[in-house]
Amino acid sequence: MESVTGYYPKTPSPCLCLNIRRASRAVTEFYEQILGPSGLKVTQYSLLRYLEHVEPVTISELAKIMRIDRTTLNRNLKPLTEAGLITVNTGTDPRSRHISLTAAGKSAVNIATGLWDEAQAALRQYLGEPEVEQFNHLIAKLEALLP
């Protein structure tokens with residue numbers, strides 16, 4: 001398992017948004033380093049995991065579930081389609097498209113999940129359980145800024 005050592009606090013900015021963005025980039029890079037052997041980026045893994053639980057689903061429904069806009073979702077679907085990890089098919093209404101995992105997509109999720117579990121455990125250990133609970137509370141509060 002990957003372990004995090006050391007604590008190198010950065011001087012916080014007076015801008016909360018900037019501090020959140022910097023932390024987000026650091027956490028994303030941490031997860032992507034660990035997910036590297038799977039060939040998936042953390043955003044791709046997240047999308048495939050959501051899809052695994054709700055497939056088949058329309059693009060609009062998946063965007064709503066993931067709380068991202070359709071344009072961003074469409075952009076993120078393209079490399080997954082090209083890699084053969086998902087299929088996008090026309091639904092009963094020719095204007096709707098349904099997304100499903102392929103066998104290769106299910107395999108990629110299985111491989112990446114073990115690595116993701118390692119990243120989760122390492123980050124939980126690094127932060128400590130009381131801080132994880134506080135973090136989850138604060139993140140939920142921030143997410144509530146947008147209904």
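Reply: A quick definition before we zoom in: a helix here is a DSSP run of H or I that is at least four residues long, and helices are numbered from the N terminus. Also keep in mind that this is a predicted model.

With that settled, let's go to Ser 38. You'll find Ser 38 in the loop between helix 1 (16–35) and helix 2 (42–54). Is Ser 38 buried or exposed? Its relative accessibility is 16%, and since buried means under 20%, Ser 38 counts as buried.

Now look at what the side chain of Ser 38 is doing. On one side, it reaches the backbone oxygen of Leu 35 at 2.7 Å. A polar atom of that Ser 38 side chain also lies 3.1 Å from the backbone nitrogen of Leu 40. So much for the neighbours along the chain; what does Ser 38 touch once residues up to four places away in sequence are set aside? The answer is Ile 111, Ala 112 and Leu 115.

Let's step from the loop to charged pairs. Side chains of opposite charge can pair when their charged atoms come close. For this model, the count comes to four salt bridges. One of them joins Lys 41 to Glu 32, with the closest N and O atoms 4.0 Å apart. Lys 41 is partly exposed, at 46% relative accessibility, and Glu 32 is partly exposed too, at 24%.

Another salt bridge brings together the side chains of Arg 67 and Glu 143, at 3.7 Å from N to O. Arg 67 sits in the loop between helix 3 (59–66) and helix 4 (70–82), while Glu 143 belongs to helix 6 (residues 129–143), so this pair ties together parts that are 76 residues apart in sequence. Arg 67 has a relative accessible area of 48%, which makes it partly exposed, and Glu 143 is partly exposed as well, with 42%.

If you want one thing to hold on to, go back to where we began: Ser 38 is a buried residue whose side chain reaches the backbone oxygen of Leu 35.

Conventions: Residues numbered from 1 in each chain as written. Predicted model: local features only at pLDDT ≥ 70, side-chain atom pairs only at ≥ 80, totals over all residues. Heavy atoms only, no water. Helix = DSSP H or I, 4+ residues; strand = E, 2+ residues; numbered from the N terminus. Buried < 20%, exposed > 50% of the residue type's maximum accessible area, 1.4 Å probe, protein only. Polar contact = N/O pair within 3.5 Å; in protein donor to acceptor, adjacent residues only side chain to side chain. Contact = heavy atoms within 4.5 Å.
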